[in-house]
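This briefing is intended for reading beside the sequence and the model.

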Amino acid sequence: MVGLVLVSHSARLAEGAAELASQLGGEAPVEPAGGLPEGGLGTSIELIERAVRAADRGAGVVILADLGSAVLTVKLLLDDAADLPGPIVLADAPLVEGAVSAAVAAASGADFAAVRAAAEEARAFHKI
Amino acid sequence: MSTPRSEAALDTAFFTAWITRAAAAIETDRVWLSELDAAIGDGDHGTNLDRGFAGVMRVLDTTSPRTPATVLSLTGTTLISKVGGASGPLYGTAFRRAGNALGDATEIDLPGLASALDAALAAIRKLGAARDGDKTMVDALAPAVAALNEAASNAAPLLDALSAMVDAARAGADATIPMQASKGRASYLGPRSVGHRDPGAASTVLILTALRDTAAAVGSDVGSNGSDSD
């Protein structure tokens, strides 16, 4: 099954988004990677790397990120990701909507490309 | 025999001294950097960079890098790990790519230093996807790197080349004040980002000024001692 990693400046935001995606996405592995290891807002390459390994089930990992340094830190990790389990991609998707959409797809057994596509389709969701 | 003012050797000790001086400059100006950031960003640039460079100093104090490349690589890796904001991955990848460009050499010449800063700029452009005029650190670093390369290709003396680099960085950072941001949190402010100095451009000036000042300090020390010249 494809795994998901949710990266946010805020640990609570990442955990909350993971809670919501897991609730709606059933069995899909969803790992939060928010904030700094010692607490506080920010992004940590170590926490993201750890979350990628925890989310990996051998079918690839799709990462979603909120803003700014979260996006830059994931891009940097992927540039240097020699020993990370693959395939891995940063989806160009909104964090919450993309996570829910991707988790539902992953739980249904969708492959790596389809889970990424599900995350990115969330950019076009209309609410009203 | 006269003892002419010597040029600093760009060896491992020099690069360690540069990073040490940069860390001290960031610590001294951390409140100013965060104030600049508070005007258009989230107000943590100085705090974040200071945390990162403090971590770099702990690493450099407890390891003995053998080459200039190792100094820069350790600096970059630690900034990526410790800063927590966007400047961590940006400066981190810049220092690491600059280190890679230096290879295994134990002493670097001016063209080599210019090539390393070329690699740093390219890494920041690639990761941040910032163009010239986006009101980012690129607006200070790009003209600085261009000035250093021009000086290197004219075989300018080291200190003259580094001074030209710093002058260009300062002018570039000043030029960010009237710009409208289109990257980072400042871009959410739209026209309200105009009239403020970009904090990333400001910290770039501090780091490059530390490089120039390290060369000036080492050169004058050697000159005044009159020793160690071949």
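A residue is called buried if 20 or more other C-beta atoms lie within 10 Å of its own, exposed if 12 or fewer do, and partly exposed in between, with C-beta atoms placed from the backbone. Helices (H or I, at least four residues) and strands (E, at least two) are DSSP runs, numbered from the N terminus. The model is predicted: local features need pLDDT of at least 70, side-chain atom pairs count only at pLDDT 80 or more, and totals for chains, interfaces and linings use all residues. Residues are numbered from 1 along each chain as its sequence is written, while chains are lettered from A and ligands numbered from 1 in the order in which they are written.

**Helix α4 of chain B**

- Helix α4(B), residues 68–82, has 15 residues and reaches 21 Å from its first C-alpha to its last, close to the 21 Å expected at 1.5 Å a residue; the expected span is 1.5 Å times one less than the number of residues.
- Because 12 of its 15 residues are buried, α4(B) is largely enclosed by the rest of the structure.
- Among the buried residues of α4(B) are B:Val71, B:Leu72, B:Leu74, B:Leu79 and B:Ile80, and also B:Lys82.
- Just after α4(B), B:Gly84 takes a positive phi of about 85 degrees.

**Helix packing in chain B**

- Two packed helices are described by the angle between their axes and the distance between the axes. Here axes are lines fitted to C-alpha atoms, for helices over the stretch in contact, and angles run from 0 to 180 degrees between N-to-C directions.
- The axes of α1(B) (residues 12–28) and α3(B) (residues 45–62) come within 9 Å and cross at roughly 145 degrees.
- The crossing of α1(B) past α3(B) is left-handed; a crossing is left-handed if the near helix is turned anticlockwise from the far one by less than a right angle, and right-handed if clockwise.
- Residues making this contact include B:Ile19 and B:Ile26 of α1(B), together with B:Phe53 and B:Met57 of α3(B). Two residues are in contact if their C-beta atoms, placed from the backbone, lie within 7 Å.
- By class, the contact of α1(B) with α3(B) has 10 nonpolar, two polar and two charged residues. Ala, Val, Leu, Ile, Met, Phe, Trp, Tyr, Cys and Pro count as nonpolar, Asp, Glu, Lys and Arg as charged, and the others, Gly among them, as polar.
- Helices α5(B) and α6(B) pack at about 145 degrees with their axes 7 Å apart, and α5(B) passes α6(B) in a right-handed crossing.
- The contact of α5(B) with α6(B) has 14 nonpolar, five polar and one charged residues.

**B:Ala101 within this packing**

- B:Ala101 belongs to helix α5 (residues 87–102) of chain B and is buried, with 21 other C-beta atoms within 10 Å.
- Beyond its neighbours within four places in sequence, B:Ala101 is in contact with B:Ser115, B:Ala116 and B:Ala119.
- The C-alpha atoms of B:Ala101 and B:Ser115 are separated by 7.0 Å, although the two residues are 14 residues apart along the chain.

**Nonpolar core**

- A nonpolar core is a set of buried Ala, Val, Leu, Ile, Met, Phe, Trp, Tyr and Cys residues joined through C-beta atoms within 7 Å.
- The largest such core has 116 residues, and those touching the most other members include A:Leu4, A:Val5 and A:Leu64. Helix α6 (residues 110–128) of chain B gives the most to this core, with 11 residues.
- Leaving aside neighbours within four places in sequence, the contacts of A:Val5 include A:Glu31, A:Ile48, A:Val52 and A:Ile63.

**Contact between the chains**

- Chain A contributes 12 residues to the contact and chain B 13 residues.
- On the side of chain A that touches chain B, α2 (45–55) and α3 (68–79) each supply at least two residues; α3(A) has the largest share, six residues.
- That side of chain A divides into four nonpolar, six polar and two charged residues.

**Loops and backbone features**

- The peptide bond from A:Gly86 to A:Pro87 is cis, with omega near -10 degrees; A:Pro87 is in the loop between α3 and β4 (88–90) of chain A.
- B:Lys135, in the loop between α6 and α7 (138–153) of chain B, has a positive phi near 70 degrees and is buried, with 27 other C-beta atoms within 10 Å.
- B:Ala155, in the loop between α7 and α8 (158–174) of chain B, has a positive phi near 55 degrees but is exposed, with 9 other C-beta atoms within 10 Å.
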